[in-house]
Amino acid sequence: MPDFNSLSDGACAVLSAPDPSEKARLSRSVSDQWQANDLTTIGDATVPDRPARPARPELLPPNRMPKRRAAGETSSKVALLHAIAHIELNAIDLAWDLIARFTHQQLPRAFYDDWVSVAAEEAKHFEMVRDRLTELGASYGDLPAHDGLWQAAEATADDLPGRLAVVPLVLEARGLDVTPAMINRLRSAGDTRSAEVLETIYRDEIGHVAIGKRWFDFVCQRDGIDSLDAWRRLVPIYFRGQLKPPFNADARIKAGLTPNYYEKLAN
């Protein structure tokens, strides 16, 4: 287990690891050290502008990505799981970038506790999907992936409320909307194993959105601004897209994201 001088140092080690499996392993290692109090200093490391990436998959603009078919054939299941693996790999980096990039804001220990736990779960998710791809005779990197997920991180590199508004409360919340249908399609196709992997991710992601909402509210209260007004103002600035219904209102409410946040922007 590698030793790190600070939590930020460990976060940057994860961000700088190009190999996906090593990135996930380091994510769990740093998380374990923090949770065991073997690592206690938050620190102030220099965060890379972009996380390191492997040579494969080829990264394409979102509008050049091939369309996925229904999840009945093995090739279609692989394409779906490959896309999810790519999302989870980016989610590892998004969590650690959030941890290391805003240390100058003097956030409480609980902030780091929450996001370290998120980073550990994102590593678990990537490994689960990677292993399922292996069972289907495929690997992460076999198919192209889009490079749009990091745009929100780049746009909000100097804006903590903006980062919290967009990454957990738009991007991860979108996962709550679309994942149940994916699970149903996989079960209908007889792929219980893949469906179970997605069910684990879905349950955990409700907690991730809840953590994002808790700390967005905290930062807004700290800065003396209304969180609902701030969210409606920040999302159009930083999110390059449209909020698309239908929304999984039940899961969003469990995470503390009530319809008065997103319905007006969707309309």
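## Arg222 and Asp223

Asp223 is partly exposed, at 39% relative accessible area. In this predicted model, Asp223 pairs with Arg222 in a salt bridge whose closest N and O atoms are 3.0 Å apart. Arg222 is also partly exposed, with a relative accessibility of 36%.

A network of salt bridges with shared partners joins Arg132, Glu135, Asp191 and Arg193. The structure holds 20 salt bridges.

## A buried pair between helices

Lys23 and Asp93 form a salt bridge, with 3.0 Å between the closest N and O atoms. Lys23 belongs to helix α2 (residues 20-35) and Asp93 to helix α3 (residues 74-101), so this contact ties together parts that lie 70 residues apart in sequence.

Are these two side chains' residues buried or exposed? Lys23 is buried, its relative accessible area being 0%. Asp93 is buried as well, at 0% relative accessibility.

## A partly exposed pair between loops

Arg56 and Asp142 meet through their side chains in a salt bridge of 3.2 Å, N to O. This pair links distant parts of the chain, 86 residues apart: Arg56 sits in the loop between α2 and β1 (59-60), and Asp142 in the loop between α4 (109-135) and β2 (145-146).

Arg56 is partly exposed, with 47% relative accessible area. Asp142 is likewise partly exposed, at 39% relative accessibility.

## Cysteines

How many disulfides does the structure hold? The count is zero. Cys12 is buried, with a relative accessible area of 10%. Cys220 is buried too, at 1% relative accessibility.

Notes
Residues numbered from 1 in each chain as written. Predicted model: local features only at pLDDT ≥ 70, side-chain atom pairs only at ≥ 80, totals over all residues. Heavy atoms only, no water. Disulfide = S-S within 2.5 Å. Buried < 20%, exposed > 50% of the residue type's maximum accessible area, 1.4 Å probe, protein only. Salt bridge = Lys/Arg side-chain N within 4 Å of Asp/Glu carboxyl O. Helix = DSSP H or I, 4+ residues; strand = E, 2+ residues; numbered from the N terminus.
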